[in-house]
Each structure stands twice: as C-alpha cells, then as structure tokens.
Amino acid sequence: MPFLKNTWYVAANAPELDDGLVSRMICGEQIVMFRASTGEIAALQDRCPHRFVPLSMGRRVGDSVECGYHGLRFDGTGACVEAPNDDETQRARTCVKAFKAVERDSLIWLWMGDPALATPETIPEFAFFSDKETYTSIQGYS
Ligand code: FES
C-alpha cells in the first residue's frame, strides 16, 4: 500500500516517551522512539539489523537503545555505538534507519520521507494541547 511519505505524522503523545521506549507502526514501518537526555526525540526503525529483533523489546541505555538479543546499541542517529565483542568493524558497518522527529505541542511528529525535505515549520499548530490551564485533554493509544 502506498503512503504519503513527505509529510508529518503524529506518532505519539509526548508524555508517553517519559517512560522509555515507544513503538508505533507509521506508514507500514515499525518505529521505536525515545527521548534523549538533550530532549531530542530519536526515531529509529524498530528492527535490529543483526537478527531483526524489534529494538523496542530491548532497553534504553543512556541516549541509545540496546537490542535485547545480543546487545548491539544504537544512538538516536541510528549509528551502532556499542557491540558486545567491541568489534570496531561491526560497529562501523551496522546501523538502523533513523527518521526526523520533532516534539511540538505535546505531540511527537515524524517525517517518514526524504529527510532533506523535512520542514518543521509546516507542522500544524496544536498549541491548545500545551495549554493545560485552559484545556483538558485525554490521552491514550489503543
Ligand atoms: S539481534 Fe540484535 S544484536 Fe543480535
């Protein structure tokens, strides 16, 4: 099924990322997301390149996600930053696809298309989601 890729998609409510890893299917791709210590949102393909285990079944370690099977770790750019046997060659040639993600108005927005075309200024405004004094919102995912 074809999807519009060069556009922004709401992937999560921002507070969901306070608890660690969040996995969602967007445009037919399983994505794992987490918030780095800098506050930036990391969005990676939720599939370890080693044996295709969902990275969301692993754990967050600092600003990286660690695969639960053999322990490869990937940072928010998708680069492999740790390999259990500390093999420099394996780290250099292993990576996962990363997606542009922006947190705005208590929502996590993902750009699934060409990253060079990602324009955060075109994200629709939902400022009322952040206005907790005037509005009440009900959040959840099912
Ligand atoms: S399956 Fe992920 S490190 Fe082996």
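## The largest pocket

The largest pocket has a lining of 14 residues, and those nearest its centre are Glu40, Ile41, Ala42, Gly76 and Thr77. A pocket here is found on a 1 Å grid over the protein atoms alone, as an open set of points where a 1.4 Å probe fits, with protein on both sides within 12 Å along at least five of seven lines; lining residues have an atom within 4 Å of a point. The space in this pocket is about 250 Å³, a volume being the space filled by probe spheres set on the points, which are joined across faces, edges and corners.

This is a predicted model, in which local features need pLDDT of at least 70 and side-chain atom pairs count only at pLDDT 80 or more, while totals for chains, interfaces and linings use all residues. Residues are numbered from 1 along each chain as its sequence is written, and side-chain values use heavy atoms, with hydrogens and water left out.

## What the lining is made of

Which strand gives the largest share of the lining of the largest pocket? That is β9, with four residues. Both β4 and β9 supply at least two residues each. Strands (E, at least two residues) and helices (H or I, at least four) are DSSP runs, numbered from the N terminus.

Sorted by class, the lining has eight nonpolar, three polar and three charged residues. In this scheme Ala, Val, Leu, Ile, Met, Phe, Trp, Tyr, Cys and Pro count as nonpolar, Asp, Glu, Lys and Arg as charged, and the others, Gly among them, as polar.

Five of its five residues are buried, where buried means under 20% relative accessible area, exposed over 50%, and partly exposed in between (1.4 Å probe, protein chains only). β4 pairs with β3 (residues 29–35) in the antiparallel sense over five bridges; two strands pair if DSSP finds at least two bridges between them. Here Leu44 of β4 is the bridge partner of Val32, and Met33 stands opposite Ala43. The hairpin of β3 and β4 has five residues between the strands, and Gly39 in this hairpin takes a positive phi near 95 degrees.

β4 also pairs with β9, in the antiparallel sense over two bridges. Leu44 has Ala98 as its bridge partner in β9.

## Strand β3, wrapped by its surroundings

β3 is largely enclosed by the rest of the structure, because six of its seven residues are buried. With β2 it forms an antiparallel pair over five bridges, in which Arg24 stands opposite Ile31. Two residues lie between β2 and β3 in their hairpin, and Cys27 in the turn has a positive phi of about 50 degrees.

Is Glu29 buried or exposed? Its relative accessible area is 14%, so Glu29 is buried. Beyond its neighbours within four places in sequence, Glu29 is in contact with Lys5, Arg24, Gln45, Lys97, Phe99 and Met112, contact meaning heavy atoms within 4.5 Å. Lys5 lies in the segment before β1 and is partly exposed, at a relative accessible area of 29%. Residues that Lys5 touches, not counting those up to four places away in sequence, include Cys27, Trp111 and Gly113.

The largest nonpolar core has 16 residues, and Ile31, Met33 and Leu110 have the most contacts inside it. Such a core is a set of buried Ala, Val, Leu, Ile, Met, Phe, Trp, Tyr and Cys residues joined through side-chain atoms within 4.5 Å. Elements that give two or more residues to this core are β1 (8–13), β2 (22–26), β3, β4, β9 and β10. Another core, of 14 residues, lies apart from it, with Ala42, Leu44, Val65 and Leu72 among them.

Phe52 has a positive phi of about 65 degrees although it is not a glycine.

Asp105 is in the loop between β9 (98–104) and β10 (107–111) and is buried, with a relative accessible area of 16%.
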